[in-house]
Amino acid sequence: MNKYENILIVGYPKSGTTWLTRLTAELVGCPVEGFWGEPHRDEAAIEGQNRTSDFRCYKAHHPLCELRKATDKSIYKLLYIVRDPRDVVVSGGEYFDPPRFERFEVYVVQKIFRRIPGLKEWYERTFRSEAYRTRRMIEAACHGDPDFGWCQISWAEHFEQYAATEALVVRYEDLLEDPYTESRRVLNHLGLERSDDHVENAIWQQSLGRKKRELQQKGKDLRVINKGGSERWKDTLDSSEREKIEHALGEVMNKIGYKIK
């Protein structure tokens, strides 16, 4: 028998999953327990361990079929956060650092290059630049990449799996624009009542700016928090990159309200 009601917040990587997980836990008044199925993972979303509640929140990036395999814990409610894939790949290109020549990097770069001042840094600037990382992220988002962490399947397939369930879908952009309304949607989905003051305070506690300052004060990696804003892709992606994403994902993007030419 499960001791707690487990609320699971899922999203494609770099979609704002950490933010929605923490905000949901703040709204409910429960801890963020960690990453679904990985109890020993050093998960950035974990907080609120002093909160007393019958609920627990978990963060996840799993494809739908992997949820039940990850743990025998039951799921009380599912929430899914979706973000414009053009912004997903921009954020992913800034954050992720996938290997380019894995065996070479493991046996040569890490063991030999690092001994020569500046050589490892030169290699990474040249062969694992942000442009390369963005290209890898575009390929993963468009078609899936089993060698790229949780980007095993495409952004569109990941979303459509959850859209066909009873999960509450929250758009990252709507959460940015009107966090109060989206917070009320979350609480309604969970069947919980909270006062206006409680909701407003939860939004303030979990605001992106406040969380960034908190992480900075603790010396934590700020990259775990998205830079915020929407349509960053307009100033970052070139026309060929945009066209590739829109060609592969445009049908689903249109369904969600992400406009393409």
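A residue counts as exposed when its relative accessible area is over 50%, as buried when that area is under 20%, and as partly exposed in between. In this predicted model, Lys255 has a relative accessible area of 57% and is therefore exposed. Glu160, with a relative accessible area of 36%, is partly exposed. The side chains of Lys255 and Glu160 meet in a salt bridge, with an N to O distance of 3.2 Å. This pair links distant parts of the chain, since Lys255 belongs to helix H12 and Glu160 to helix H7, 95 residues apart.

The two helices, H7 (residues 155–163) and H12 (residues 239–256), pack with their axes 9 Å apart and at an angle of about 45°. H7 and H12 are therefore oblique to each other, and their crossing is left-handed. On the H7 side the contact is made by Trp155, Ala156, Phe159 and Glu160, and on the H12 side by Leu249, Val252, Met253, Lys255 and Ile256. Seven of the residues in this contact are nonpolar and two are charged, with no polar residue.

Across the whole structure, 18 salt bridges are found. In one of them, the side chains of Glu26 and Arg51 meet at 3.0 Å, N to O. Glu26 lies in helix H1 (residues 17–28) and Arg51 in the loop between strands E2 (32–35) and E3 (55–60), so the pair ties together parts 25 residues apart in sequence. Both Glu26 and Arg51 are buried. Another salt bridge joins the side chains of Glu38 and Arg41 (3.5 Å, N to O). Glu38 is partly exposed, at 30% relative accessibility, and Arg41 is partly exposed with a relative accessible area of 30%.

How values were computed: Residues numbered from 1 in each chain as written. Predicted model: local features only at pLDDT ≥ 70, side-chain atom pairs only at ≥ 80, totals over all residues. Heavy atoms only, no water. Axes fitted to C-alpha atoms, helices over the stretch in contact; angles between N-to-C directions. Helix = DSSP H or I, 4+ residues; strand = E, 2+ residues; numbered from the N terminus. Parallel < 35°, antiparallel > 145°, perpendicular 65-115°, else oblique. Left-handed = near helix turned anticlockwise from the far one by under 90°. Contact = heavy atoms within 4.5 Å. Nonpolar A, V, L, I, M, F, W, Y, C, P; charged D, E, K, R; others polar. Salt bridge = Lys/Arg side-chain N within 4 Å of Asp/Glu carboxyl O. Buried < 20%, exposed > 50% of the residue type's maximum accessible area, 1.4 Å probe, protein only.
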